Amino acid sequence: MKLARNFYRPLAIGAPEPYRELPVRLERMIHFVPPHLEKLRAKVPELARQVDVVLGNLEDAIPGDAKEAARRGFIEMAKAVEFGSTGLWTRINALNSPWALDDVVEIVAAIGGKLDVVMLPKVEGPWDIHYLDQLLAQLEARHSVAKPILIHAILETAEGVNRVEAIASASPRMHGISLGPADLAASRAMKTTRVGGGHPDYKVLADADGTGARTGFQQDLWHYTLGKMVDACAAAGIKAFYGPFGDFSDPAACEAQFRNAFLMGCAGAWSLHPTQIAIAKRVFSPEPAEVAFAEKIIDAMPDGTGAVMIDGKMQDDATWKQAKVVMDLARLVAAKDGEWGQKEG
């Protein structure tokens, strides 16, 4: 077991000091871009003004014979675009693939100073995080990267779910964890081909009425796993995210799934299609009434100490911290979205 005093030490001489607290950033949607397609890369400068995170996807959905082209395309895209406050991420290939090592080595060498997060798929235990943690430190030191590159894990195997608490606290590089329902369904031998959302056959029945009729209510296949993941992330002080919703033709179901995740504590979700960007913005932005109440708390307790009564409710240092999170996010939303951030409740 690593001693507590060594947890925040760089893992390579010359690597940057790990963060003690995650940077406060707007991450309502992680928008996936297939960087081997030049036509879609050309849209990234405009896209970067609309989304919170641009992710160059190198893993699933990229054909095997296009993996190297995707890596080159991501590097080219990262060099050509100024992302400003928009996060720049990449999802590398799984660690047991023939492409993962070159993904990390080549990308950090070329654009390590611009890269915010490496998303790691199919994480099964803390050892996967430890390996990538050490490798990133060595490469940061070699290429004089000034800020630490964070790690975001995808929870998409039964083994990973079983060890999610250890994964969440494996490294100070841990940014967060996303639920990956499609691969997780396969890992568990679940009887569904849907990517996220509920299933019409996964339901509970109401009691029979006088005619014998019984109403069925569709349930969420992912509720248990999402709750377990959110608890692990909250305990470790990192962010939880819902992953993909695959049915682009059903925006109402997508919004319902995103909102369930938001209510359970997720900071954001993946957007795989442009139509899902607006849904994520709507769901994961703080409501104006919530912002107004948070502002009251901050105004009444400028230094964050003591206790006050506001609208008949006691507020103390704990709620001050919650209010500060809301206000910080509201400012980021306003800066990113302009007038949209002042939406009506």
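**View 1. Parallel pairing of strand 5 with strand 6.** In this predicted model, strand 5 (residues 150-155) and strand 6 run parallel and are joined by 5 bridges. Within this pairing, the residue that stands opposite Ser-178 of strand 6 is Ile-154. Strand 6 itself spans residues 174-179, and because 6 of its 6 residues are buried, the strand is largely enclosed by the rest of the structure.

**View 2. Strand 6 beside strand 9.** Strand 6 also runs parallel to strand 9, to which 3 bridges join it. Ser-178, which stands opposite Ile-154, also stands opposite Phe-241 in strand 9. Phe-241 counts as buried, its relative accessibility being 0%.

**View 3. The aromatic pair of Trp-89 and Phe-241.** The model contains 6 aromatic pairs. In one of these, formed by Trp-89 and Phe-241, the ring centres are 6.5 Å apart and the planes meet at 75°, an angle over 60 degrees, so the pair is classed as edge-to-face. Trp-89 belongs to strand 3 (residues 87-91) and Phe-241 to strand 9 (residues 239-242), so this contact ties together parts of the chain that are 152 residues apart in sequence. Trp-89 is buried, with a relative accessible area of 1%, and Phe-241 is likewise buried, at 0%.

**View 4. The aromatic pair of Phe-258 and Phe-284.** The rings of Phe-258 and Phe-284 have their centres 6.1 Å apart and their planes at 50°, so this pair is described as tilted. Here the two partners come from helices: Phe-258 lies in helix 10 (residues 251-264) and Phe-284 in helix 11 (residues 275-284), so the pair ties together parts that are 26 residues apart in sequence. Phe-258 is buried, with 0% relative accessibility, and Phe-284 is also buried, with a relative accessible area of 6%.

Note on methods
Residues are numbered from 1 along each chain as its sequence is written. This is a predicted model: local features need pLDDT of at least 70, side-chain atom pairs count only at pLDDT 80 or more; totals for chains, interfaces and linings use all residues. Side-chain values use heavy atoms; hydrogens and water are left out. Rings of Phe, Tyr and Trp (its six-membered ring) pair if their centres lie within 6.5 Å; planes under 30 degrees apart count as stacked, over 60 as edge-to-face and the rest as tilted. Helices (H or I, at least four residues) and strands (E, at least two) are DSSP runs, numbered from the N terminus. Buried means under 20% relative accessible area, exposed over 50%, partly exposed in between (1.4 Å probe, protein chains only). Two strands pair if DSSP finds at least two bridges between them.
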